[in-house]
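Visitor: I am new here and would like to learn how the words used for a structure are decided. Could you show me around?

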Amino acid sequence: MHELPQQLVNGLLLGSMYGLIAIGYTMVYGIVQLINFAHGEIFMVGGFGALTVWLWLPGGTTMWVAIPLMIIGAVIVSTTVAVGAERFAYRPLRGAPRLAPLITAIGLSLALQQAVWAWYPNAKSSRTFPEIPGDSIHIGSVTIQPGDLFLVVAAPICMFALGWFVMKTRVGRGMQATAQDPDTAKLMGVNTDRVIVVAFALGAAFAGIAAVAYGFRYGEVNFRMGFLWGLKAFTAAVLGGIGNIYGAMIGGLVLGVAEAMATAYMNDIPGMDKLGGQSWADVWAFVLLIVVLLVRPQGLLGERVADRA
């Protein structure tokens with residue numbers, strides 16, 4: 001049990017990354033009812049955008065100068081890809097049956113993955129990401145690595161900034177109106193096309209920041225990382241209540257803690273010794289999702305259709 005605080009911290013850090021990526025899924029779905037399965041690859045290209053900035057910087061540049069520039073690079077690349085996808089892939093299909101944009105999203109995901117694999121230098125294997133210098137921080141029995149410090153700071157700042165933006169700005173209120181009733185929002189003068197673009201851009205920006213956090217935490221980026229992390233983030237969004245921004249972050253935290261606990265303690269349960277460890281973490285994450293959806297199909301913070309009506 002003396003490892004429990006460390007495992008909780010590990011789960012919260014993992015869940016924070018899931019939550020940052022899941023925000024993109026839930027914002028887009030809440031406004032245009034689209035599951036953007038290419039969002040995992042938008043997260044991935046953000047990581048390569050940050051790495052490109054690092055490689056372009058002159059030798060001797062300190063990390064404290066490089067980190068803001070890498071964040072900007074990741075956000076620019078992720079946002080550009082997401083906005084381009086919305087304009088040229090999803091907008092022409094906005095009035096089409098829902099299956100059409102879903103298949104388009106899957107195709108775009110594969111196209112982005114293969115584009116990075118084919119054209120980014122040496123992307124066929126994992127590319128080493130720079131490390132944040134410094135010593136580990138020890139708080140009681142909890143150890144926080146330097147690579148985790150970025151996530152500790154970035155995740156709460158991003159959530160508070162997003163909450164302020166959605167609740168206090170004109171565009172944020174337009175997003176709420178469009179999510180509730182896009183036709184009425186148009187009649188009230190809301191530019192729904194611009195609102196949708198902003199939703200894609202914000203979700204992609206958070207995915208880019210999450211990609212930088214991933215690189216610092218794991219020390220690498222690779223062209224395959226978007227698939228599994230995108231799937232986990234989608235799971236977090238559904239778990240928290242797809243379409244609910246705060247639900248996405250809470251779903252990510254719950255999912256991350258559940259994975260950490262299952263990885264650390266499942267082997268200690270009599271008869272479950274073969275169902276623990278890192279190789280089973282993904283399985284237990286989806287078991288948790290199934291259980292929650294059986295008990296509460298709308299997710300932890302989601303609304304039932306009758307409630308919304």
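Visitor: Which residues form one aromatic cluster?

Guide: Welcome! This is a predicted model, in which local features need pLDDT of at least 70 and side-chain atom pairs count only at pLDDT 80 or more, while totals for chains, interfaces and linings use all residues. Residues are numbered from 1 along each chain as its sequence is written, and side-chain values use heavy atoms, with hydrogens and water left out. The cluster you ask about is formed by Y18, F43, Y214, Y218 and W229. Rings of Phe, Tyr and Trp (its six-membered ring) pair if their centres lie within 6.5 Å; planes under 30 degrees apart count as stacked, over 60 as edge-to-face and the rest as tilted. By this rule there are twelve aromatic pairs.

Visitor: Why is the pair of Y214 and W229 called edge-to-face?

Guide: The ring centres of Y214 and W229 are 5.3 Å apart and the planes stand at 85 degrees, so the pair is edge-to-face. Y214 belongs to helix α8 and W229 to helix α9, 15 residues apart, so the pair links distant parts of the chain. Helices here are DSSP runs (H or I, at least four residues), as are strands (E, at least two), numbered from the N terminus.

Visitor: What makes F150 and F216 an edge-to-face pair?

Guide: Their centres are 5.6 Å from each other, with 70 degrees between the planes. F150 sits in helix α5 (residues 146-168) and F216 in helix α8 (residues 192-218), 66 residues apart.

Visitor: Why is F150 called buried?

Guide: Buried means under 20% relative accessible area, exposed over 50%, partly exposed in between (1.4 Å probe, protein chains only). F150 has 11%, so it is buried. F216, at 6%, is therefore buried as well. Y214 and W229 are also buried.

Visitor: Why are α9 and α11 called roughly parallel?

Guide: Angles under 35 degrees count as roughly parallel, over 145 as roughly antiparallel, 65 to 115 as roughly perpendicular and the rest as oblique. Axes are lines fitted to C-alpha atoms, for helices over the stretch in contact, and angles run from 0 to 180 degrees between N-to-C directions. Helix α9 (residues 225-240) and helix α11 (residues 281-295) pack at about 25 degrees, with axes 10 Å apart, and are therefore roughly parallel.

Visitor: What makes α1 and α2 oblique?

Guide: Helix α1 (residues 4-32) and helix α2 (residues 39-56) pack at about 135 degrees, with their axes 10 Å apart. They are therefore oblique to each other. Heavy atoms within 4.5 Å count as contact, and here I21, G24 and Y25 of α1 touch H39, G40 and F43 of α2.

Visitor: How do the residues of the contact of α1 with α2 divide?

Guide: There are three nonpolar, three polar and no charged residues. Ala, Val, Leu, Ile, Met, Phe, Trp, Tyr, Cys and Pro count as nonpolar, Asp, Glu, Lys and Arg as charged, and the others, Gly among them, as polar.
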